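Have the structure open and follow along.

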Amino acid sequence: MYIRNRTFEGSYMSWPSPRSWSAEARASPPPPLQAAAPRNPTNTSNPPPPVLELASTPIYLKPPPSHPHTMAERELADLLKQLHKTLQSKQYQQAGSILSRAKIALLGLNALIPTESTPSKHLHFARETLELGAIISIRLKDPHSFTRYFQQLQPFYALPDDKLPSKGSNASKITGLYLLLLLSDGDYAGFHTLLETLEVAAAQAGRGLEDDAFIQYPIRLEQALMEGSYDQVWRQTKGSNAPSDEFALFSDVLIGTIRSEIASCSEKAYPSIPISDAKSLLFLESEGSVVNFAKERKWVVKDGRIYFPSEDGEFGSKDILVTSDQVIENTLGYARELETIV
C-alpha cells in the first residue's frame, strides 16, 4: 500500500517502556491545577469582553397568520350583527351594501350554494344571510328582490336536519310571504302549486300545515278571494290578524290588487255610483281618497257621483236606479214567458 514505505516523525526515537518507570513517578500524583488570577479591570492590557446592549424599544412577536376561512367567518359574523341592527333601527337603505359584502364573504367560503362538502357552520351563515336579505327586501317593498332571495333559499330548505337543522330557520315565514306575494300578483296557479308541494313535504315529515300561522294566513285570504268575500279579506288584513309586520306590508299590495279588480267590475256593471258608495266598495278611508283614485282611473267626478266610461268611450249619465228598474222589468218579463211555456 501507499503508506507501507513511509517514515513517520519520531519513528527512530527510543521510548522507555512503562515497566521501566520508577515507582516514585508512578506513585506521585499529578501536580494540582492552579487557579487563574482574578482579572484586573484597571489593566488595559487585558480588556474585558464587550457587553451586548439590548434595544430600548420592545420587540413584539407577530402571531401566526390566521386561516383565511377563520377570517371570513369572523367578518361574516360581524356583518350579520350589522344587518340585525339595521332591521331594529329601520335603516333599510344601509343594508344593501352590507348584504353585498356578506355575499362576497359567502363566496369566499364557497357557501352561497350548498354542497356535500360545505360545513354546517357555513350553511347556517348562508341561510341567515339570505333570510335577512328577503326580509329587508319586503321592508323596502321590492318584490323582485324578495323573489330572488326566496329562490336562493330553496336549496337550503331542502337539506336534511342532520346536515342543516331547521331550528332557528324562518322557512315558514318566508314561504308564507311568498304565497301572499303570489296572491297579490294574481298567480293562483303558482299559489296552488307551491301549496301542494308544502302539503306533500309536511305529510312526509308527519305533520300538518294547520298549526302553521304563517302558512294559514295566505290560505284564508285565498279562500275568501275565491268566494268573492272581499270584506272578509279587508278584515283579515287589518288589525292584529296578520302574523307579523311583514305580512301587513304585503297585505297592502293585496288590497290594492283587489281594489283594482273591483274597479274594473264596477266600470262594466254600473254607469255611475255615488262617491259615498264607492268609498265602502273600494275599501277607501275617505271621500278624498275616492276622488284621487277616480282621477287615477280617469273617471269623471261630478255632483257627488262617479261616472264610468262606456264601451264607446262616453261617460254614462243614466242613474243607477234607472238601470236597476230595467233589470227588474226584464227579469219579470222572463218569468211571465216561462209561465206561458209551462
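## Where H6 touches H8

This is a predicted model, so keep that in mind as you browse. On the H6 side, the contact takes in Ser 172, Lys 173, Thr 175, Gly 176, Leu 179, Leu 180 and Leu 183. Facing them from H8 are Phe 214, Ile 215, Tyr 217, Pro 218, Leu 221, Glu 222 and Leu 225. Sort the residues of this H6–H8 contact by type and you get 9 nonpolar, 3 polar and 2 charged.

## How H6 and H8 line up

H6 covers residues 171-184 and H8 covers residues 213-227. Their axes sit 7 Å apart, at an angle of about 15°. Since angles under 35 degrees count as roughly parallel, H6 is therefore roughly parallel to H8. The handedness of the H6–H8 crossing is left-handed.

## The H4 and H5 pair

The crossing of H4 and H5 is left-handed.

H4 brings Leu 123, Ala 126, Arg 127, Leu 130, Glu 131, Gly 133, Ala 134, Ser 137 and Ile 138 to the contact. H5 meets them with Ser 145, Phe 146, Tyr 149, Gln 152, Leu 153, Phe 156 and Tyr 157. By type, the residues where H4 and H5 touch come out as 10 nonpolar, 4 polar and 2 charged.

Key
Residues are numbered from 1 along each chain as its sequence is written. This is a predicted model: local features need pLDDT of at least 70, side-chain atom pairs count only at pLDDT 80 or more; totals for chains, interfaces and linings use all residues. Side-chain values use heavy atoms; hydrogens and water are left out. Axes are lines fitted to C-alpha atoms, for helices over the stretch in contact, and angles run from 0 to 180 degrees between N-to-C directions. Helices (H or I, at least four residues) and strands (E, at least two) are DSSP runs, numbered from the N terminus. Angles under 35 degrees count as roughly parallel, over 145 as roughly antiparallel, 65 to 115 as roughly perpendicular and the rest as oblique. A crossing is left-handed if the near helix is turned anticlockwise from the far one by less than a right angle, and right-handed if clockwise. Contact means heavy atoms within 4.5 Å. Ala, Val, Leu, Ile, Met, Phe, Trp, Tyr, Cys and Pro count as nonpolar, Asp, Glu, Lys and Arg as charged, and the others, Gly among them, as polar.
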